[in-house]
Amino acid sequence: MQITHCDKCKKPIEGNAITAGYGFLCRVELCRECGKPVDRFLKKNNLLVNKSANPKEKRERS
Ligand SMILES: [Zn+2]
């Protein structure tokens with residue numbers, strides 16, 4: 001099993017990591033503690049990287 005490390009505090013992330021992306025090449029994964037303010041910011045600005053669903057893409061197709 002792959003262990004993801006937080007890009008900020010370098011601790012191993014337990015459970016779901018918060019993935020922040022700036023385009024496709026630059027991605028950071030944060031633990032919940034470090035990702036909390038980032039997560040709020042990203043959600044506010046619709047920048048949160050969602051691995052499972054992409055509603056924007058679905059809308060463009062239909
Ligand atoms: Zn962290």
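Cys 9 sits in the segment before strand S1, where strands are DSSP E runs of at least two residues and helices are H or I runs of at least four, both numbered from the N terminus. The model is predicted: local features need pLDDT of at least 70, side-chain atom pairs count only at pLDDT 80 or more, and totals for chains, interfaces and linings use all residues. Residue numbers start from 1 along each chain as its sequence is written.

**The segment before S1**

Cys 9 is exposed because 11 other C-beta atoms lie within 10 Å. A residue is called buried with 20 or more other C-beta atoms within 10 Å of its own, exposed with 12 or fewer, and partly exposed in between, the C-beta atoms being placed from the backbone. Not counting residues up to four places away in sequence, Cys 9 touches Cys 31 and Cys 34; contact requires C-beta atoms, placed from the backbone, within 7 Å. The C-alpha atoms of Cys 9 and Glu 33 are 9.5 Å apart, with a sequence separation of 24 residues.

Lys 10 also belongs to the segment before strand S1 (18-22). Its phi is positive, about 65°, although Lys 10 is not a glycine. Lys 10 counts as exposed because it has 9 C-beta neighbours inside 10 Å. Glu 14 is found in the segment before S1 as well. Gly 21, by comparison, is placed in strand S1 itself, and it counts as partly exposed because it has 15 C-beta neighbours inside 10 Å.

| Pair | Separation in sequence | C-alpha distance |
|---|---|---|
| Cys 9 and Glu 33 | 24 residues | 9.5 Å |
| Gly 21 and Leu 42 | 21 residues | 9.3 Å |
| Glu 14 and Thr 4 | 10 residues | 8.1 Å |

Helix H1 covers residues 32-44, and its 13 residues should span 18 Å at 1.5 Å a residue; the end C-alpha atoms are 17 Å apart, so the two values agree. The expected span is 1.5 Å times one less than the number of residues. H1 has a kink of about 35° centred on Val 38, the bend being the angle between axes fitted to the seven residues ending at a residue and the seven starting there. After H1 comes Asn 46, with a positive phi near 55°.

Cys 34 is in contact with Cys 6, Lys 8 and Cys 9, leaving aside neighbours within four places in sequence. Cys 34 is also part of the largest nonpolar core, whose 5 residues are Ile 13, Ile 18, Leu 30, Cys 31 and Cys 34. Such a core is a set of buried Ala, Val, Leu, Ile, Met, Phe, Trp, Tyr and Cys residues joined through C-beta atoms within 7 Å.

**The chain as a whole**

The protein chain has 2 helices and 2 strands, which run β-β-α-α from the N terminus on. Of its 62 residues, 10% are buried. Among contacts between residues at least 6 apart in sequence, 21% join residues at least 24 apart.

The chain averages a pLDDT of 77, and 69% of the residues score at least 70; pLDDT is the predictor's confidence in each residue, from 0 to 100. Where pLDDT is low, the predicted coordinates should not be read in detail.

Technical notes:
Contact = placed C-beta atoms within 7 Å.
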